[in-house]
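These entries record what I looked up in the structure, step by step.

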Amino acid sequence: MYPRIRNISFDCHDTYALAGFWSAVLGYARHDEDAPGDPEAAVVPPGGTTPHLFFQEVPEDKVTKNRVHICLEPVDRTRDEEVERVLGLGATMVADRRLADGTGWAVLADPEGNEFCVLRSAGERVATTTVEDHQ
């Protein structure tokens, strides 16, 4: 039997704030024991499944590109609607790779600079497929 992913970890300065951002983005619940100022925080998917997102306080700033990042696929909205929603939650645009034909993706960063992508929804991929698209 293979292992399962329990946590995806983020180094950050403000664990509670960053957990709050990702809680709002994904609709995950904050871990009930987390409080502002804690050196660790987590958000948990609905139903208590995994993986959890785990946030740990570190003193250093992020200085280079992520080696691993999360790609989000909207379920009940379009890619562009999801990009606008997440920008409204405090994300910033890093690289807009959306194309005029509806393909492509957007690279954003969370409030501490961790990059992630917003891809097209499944319906959008069916409507416009190309080998050059991110996923």
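Entry 1: I first listed the contacts of Asp-34, leaving aside its neighbours within four places in sequence, and found Tyr-16, Glu-40, Ala-41 and Ala-42. I note that the model is a predicted one. I then placed Asp-34 in the loop between strand E2 (29-30) and strand E3 (40-44). Is Asp-34 buried or exposed, and which side chain of opposite charge is nearest? I found Asp-34 to be buried yet without a salt bridge, the nearest side chain of opposite charge being Arg-30 at 5.8 Å. The cut-off for a salt bridge is 4 Å.

Entry 2: I looked up how E2 and E3 are joined and recorded antiparallel pairing over two bridges. Arg-30, already noted as the nearest opposite charge to Asp-34, has Val-43 in E3 as its bridge partner. I next read the order of the sheet, which is open, has four strands and runs E1-E4-E3-E2 with mixed pairing. Strand E1 (7-12) and E2 are the edge strands, each pairing on one side only.

**Entry 3: helix H2.** I asked which residues of H2 (residues 79-88) are buried. The list is Arg-79, Glu-82, Val-83 and Val-86. These residues lie on the same side of H2, because the arc they cover around the axis is only 105°. On the other side of H2, I recorded Glu-84 and Gly-88 as exposed. I then looked for what covers the buried residues of H2; the cover includes helix H1 (15-26) and helix H3 (122-127), together with strands E6 (92-96), E7 (106-109) and E8 (115-118). Just after H2, I noted a positive phi of about 120° at Gly-90.

**Entry 4: salt bridges at Asp-80.** The count of salt bridges came to eight. I examined Asp-80, which is partly exposed with a relative accessible area of 33%. Its side chain meets that of Arg-79 in a salt bridge at 2.9 Å, N to O. Arg-79 counts as buried because its relative accessibility is 3%. Asp-80 also forms a salt bridge with Arg-98, with the closest N and O atoms 3.0 Å apart. Arg-98 lies in the loop between E6 and E7 and Asp-80 in helix H2, so this pair ties together parts that are 18 residues apart in sequence. For Arg-98, I recorded a relative accessible area of 22%, hence partly exposed.

Entry 5: I looked up Glu-73 and found a salt bridge with Arg-125, the closest N and O atoms being 2.4 Å apart. Glu-73 lies in the loop between strand E5 (70-72) and H2, and Arg-125 in helix H3, so the pair ties together parts that are 52 residues apart in sequence. Glu-73 counts as partly exposed at 40% relative accessibility, and Arg-125 counts as partly exposed at 23%. Finally, I recorded a network of salt bridges that links Asp-76, Arg-77, Glu-82 and Arg-85.

Notes: Residues are numbered from 1 along each chain as its sequence is written. This is a predicted model: local features need pLDDT of at least 70, side-chain atom pairs count only at pLDDT 80 or more; totals for chains, interfaces and linings use all residues. Side-chain values use heavy atoms; hydrogens and water are left out. Buried means under 20% relative accessible area, exposed over 50%, partly exposed in between (1.4 Å probe, protein chains only). The arc is that of the directions from the helix axis to the C-beta atoms. Contact means heavy atoms within 4.5 Å. Lys and Arg count as positive and Asp and Glu as negative; His and the chain ends are not counted. Two strands pair if DSSP finds at least two bridges between them.
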